Amino acid sequence: MLDDTELENHNIQSLGSLTSLQNLSLAQNQLSEWFPFNDLQILDLSWNKVNTTEIIKGSKTISKLKKLVTLDLSRNQLDNNIFQLLSAALPSLQNLIIGQNDNFQGPLSAEELSNFKNLEILDLRTNNLNGFLRIQEIANMSNLKALILRENKLSGFHTTQGNESSIPFNNLEVLDLTGNIFTGSIPPYIWNLTSLQVLSLANNQLTGSLPVEGFCKLKNLEELDLSRNSLNGTLPPCLGNMKSLKVLDLSFNRFIGMIPPSLISNLTSLEHIDLSYNHLEGRFEFSEFSNHSKLEVVVLSSANDIFQVETESRRWVPQFQLKILCLAYCNLNKQTGSVPKFLSQQDDLIVLDLPNNGLKGELPSVILEKNRRLQFLNLRNNSLRGEFPLPSYPNIYTLWVDTSLNNFGGQLQNNMKEMLPCIRYLNLSGNGFEGRIPSGISNQSCTFDALDLSNNNFSGEVPVTLIERCRLFILNLSNNRLHGSIFSTKFNMPGLSFLGLNNNHFTGTLSDGLIQCNWLRFLDVSNNFMSVPHEFTWSLQFLDLSDNLFAGSLPPLSVSKFLVHVHLKGNRFTGSIPEDLLNSSGLLTWDLGGNNLSGNIPQSFSGLSSLRILSLRENNFKGQIPHFLCQLNKISIMDLSSNGFSATIPQCFRNLSFGNRGFDEDVGL
């Protein structure tokens with residue numbers, strides 16, 4: 001193995017004496033030529049600079065590789081012409097892998113492929129192949145066991161008239177057409193590939209239902225993935241006859257009806273099942289999985305409100321140990337709202353996703369205690385109560401926790417960061433937590449990317465350790481009772497993108513620390529007691545300083561060229577609006593109401609061509625309402641009331657739509 005050693009063509013000459021070499025891997029080098037190793041059986045030239053022209057030049061060398069069985073030419077500079085040469089020069093080839101070559105485009109060359117009489121594996125993934133798949137024409141490769149064409153641009157199936165159901169792929173075990181743009185219904189000949197063990201048509205644009213007569217012939221399937229299409233109809237009960245099935249993924253389609261009980265109870269070999277985000281209905285008894293000892297992944301998250309999952313209607317003991325459980329929007333235990341008891345018997349969970357279910361009571365501590373590899377916990381939008389659930393030991397695997405919109409309360413534990421030392425995302429918003437934000441929420445090695453403590457009852461000052469040590473992207477502390485000056489000289493979050501501090505009791509000024517936030521997109525400090533605005537970053541898109549104590553001239557905003565929404569109402573700004581205050585052609589909302597501004601509306605307002613909402617109410621503007629405001633032809637709301645404007649309203653205002661557009665459509669809020 002000589003992978004990733006920066007070898008060039010001349011370096012390979014020294015290997016010429018290895019005449020009996022059978023397996024050679026030269027991946028991730030700088031090679032563009034072929035070299036004679038006559039006894040080679042396996043050759044990996046992936047991630048090099050091999051192109052079709054060089055291969056044609058070296059065709060005599062290639063033809064000496066009579067014993068070559070496996071060839072990997074992925075991530076090179078090849079095109080479709082490579083087939084003609086390889087099929088003639090390498091008759092014994094059994095495994096051909098040519099993935100991720102950008103120049104490999106156009107229709108699949110069926111005629112040239114048919115010359116690979118001994119080929120068993122053909123992997124052409126992630127190229128730019130397009131047009132129709134003429135699968136009947138390449139079916140002459142009678143020994144083919146795996147055909148992998150995933151992540152190309154193939155758009156349809158071509159069949160010979162009169163032979164739509166016939167296909168001579170007697171040995172095909174793997175057919176992977178994931179991530180193309182196939183449309184229409186699944187062609188009938190797919191169902192006649194009865195030797196298939198793996199079938200993936202995921203992430204296409206397929207429609208129609210699964211025909212019982214054809215679909216149910218695939219009794220040897222071990223993996224079936226039809227996810228991310230637009231397939232509809234009910235789930236065929238004969239799915240339960242595919243007793244070898246290990247992986248079943250029908251997610252993100254439009255299937256309707258109930259899950260047939262026999263479908264689940266008979267598939268005792270299942271390891272992975274995903275039926276999420278369809279339009280299933282009725283009540284599903286989770287105990288149908290009780291005898292599935294190999295089961296590791298269950299994803300049944302719903303796309304409607306008429307599907308129910310019940311875990312407590314009967315006594316049962318799980319034979320499985322799940323790694324992933326996702327039951328979002330499943331009306332889980334709708335009658336009682338109880339947390340599933342079988343979770344207390346699981347000790348290998350990595351993902352536990354149970355949001356939007358109306359679960360009640362306390363989360364059993366044993367769930368977090370036993371699952372020492374838990375990485376993802378989502379309990380959002382339930383009615384769970386009690387303290388924030390923490391393990392009694394440091395869990396270095398937990399990265400993502402969302403317990404927002406519940407009834408958790410009390411004071412947040414000071415040892416949270418000690419018990420979850422590697423956590424990246426924490427959302428505790430919309431609960432009843434109170435008291436101070438503990439300083440222990442951020443230790444010396446603060447790992448947070450996102451922290452949301454909004455809509456609670458936290459009080460006191462924000463810990464200095466949080467604003468000094470945590471290099472957050474998202475920080476939301478809005479709607480609490482926090483006070484003090486958060487923008488101290490120690491404010492150090494240069495990567496911050498979202499900062500929500502609105503509806504608290506913060507005081508002080510916007511400090512230089514905010515200027516260092518070069519990626520700040522969203523800043524909301526409304527409804528506080530802050531004063532003295534500061535210059536803002538170029539990246540800002542949403543700015544809300546409303547209802548504070550800001551005074552003096554309006555803050556300079558011309559550097560922020562991407563502003564979309566600006567709210568400065570309810571302050572004490574004075575003076576006129578500078579002509580060059582704004583430099584954002586994409587501005588949608590501009591609210592200056594409830595200040596002490598005066599003078600005339602500047603001509604530069606006419607350039608705000610995208611503006612939907614303009615509020616200058618309750619200021620001291622005078623003079624005539626300028627006609628150039630009629631150039632704001634997308635305006636929905638314009639409020640100029642409670643000022644000192646004179647004369648009449650411009651006649652051209654009649655040509656403006658004023659509210660005829662939907663608020664959500666025009667403002668994007």
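Is Ala202 buried or exposed in this structure? Ala202 is buried, with a relative accessible area of 4%. Here, buried means under 20% relative accessible area, exposed means over 50%, and partly exposed lies in between, using a 1.4 Å probe and protein chains only.

Before we go on, a word about the model. It is a predicted one, where local features need pLDDT of at least 70 and side-chain atom pairs count only at pLDDT 80 or more, while totals for chains, interfaces and linings use all residues. Residues are numbered from 1 along each chain as its sequence is written, and side-chain values use heavy atoms, with hydrogens and water left out.

**Around Ala202**

Ala202 sits in the loop between strand 12 (198-200) and strand 13 (205-208). Helices (H or I, at least four residues) and strands (E, at least two) are DSSP runs, numbered from the N terminus. Setting aside neighbours within four places in sequence, Ala202 is in contact (heavy atoms within 4.5 Å) with Leu177, Thr178, Gly179, Asp225, Leu226, Ser227 and Asn229. Gly623, on the other hand, is 421 residues from Ala202 in sequence and 64 Å from it in space, C-alpha to C-alpha.

**A sheet and a helix**

Three strands form an open sheet in the order 5-7-9, with parallel pairing. Its edge strands are strand 5 (105-106) and strand 9 (153-157), each of which pairs on one side only. Two strands pair if DSSP finds at least two bridges between them; strand 7 (residues 128-133) and strand 9 have four, in the parallel sense. In one of these places, Leu133 has Phe157 of strand 9 as its bridge partner.

Helix 4 (residues 82-89) is mostly covered, with six of its eight residues buried. These are Ile82, Phe83, Leu85, Leu86, Ser87 and Ala89.

**Salt bridges**

A salt bridge is a side-chain nitrogen of Lys or Arg within 4 Å of a carboxyl oxygen of Asp or Glu. The whole structure holds 15 of them.

| Lys or Arg | Asp or Glu | N to O distance |
|---|---|---|
| Lys67 | Asp39 | 3.0 Å |
| Lys246 | Glu222 | 3.9 Å |
| Arg373 | Asp348 | 2.8 Å |

Lys246 is partly exposed at 32%, as is Glu222 at 27%.

Asp348 lies in the loop between strand 23 (324-326) and strand 24 (351-353), and Arg373 in the loop between helix 9 (365-370) and strand 26 (376-378), so this pair joins parts 25 residues apart in sequence. Arg373 is partly exposed, with 35% relative accessibility. Asp348 and Arg373 also belong to a network of salt bridges with Glu296 and Lys323.

Trp538 lies in the loop between strand 39 (529-530) and strand 40 (542-544), and is partly exposed at 36%.
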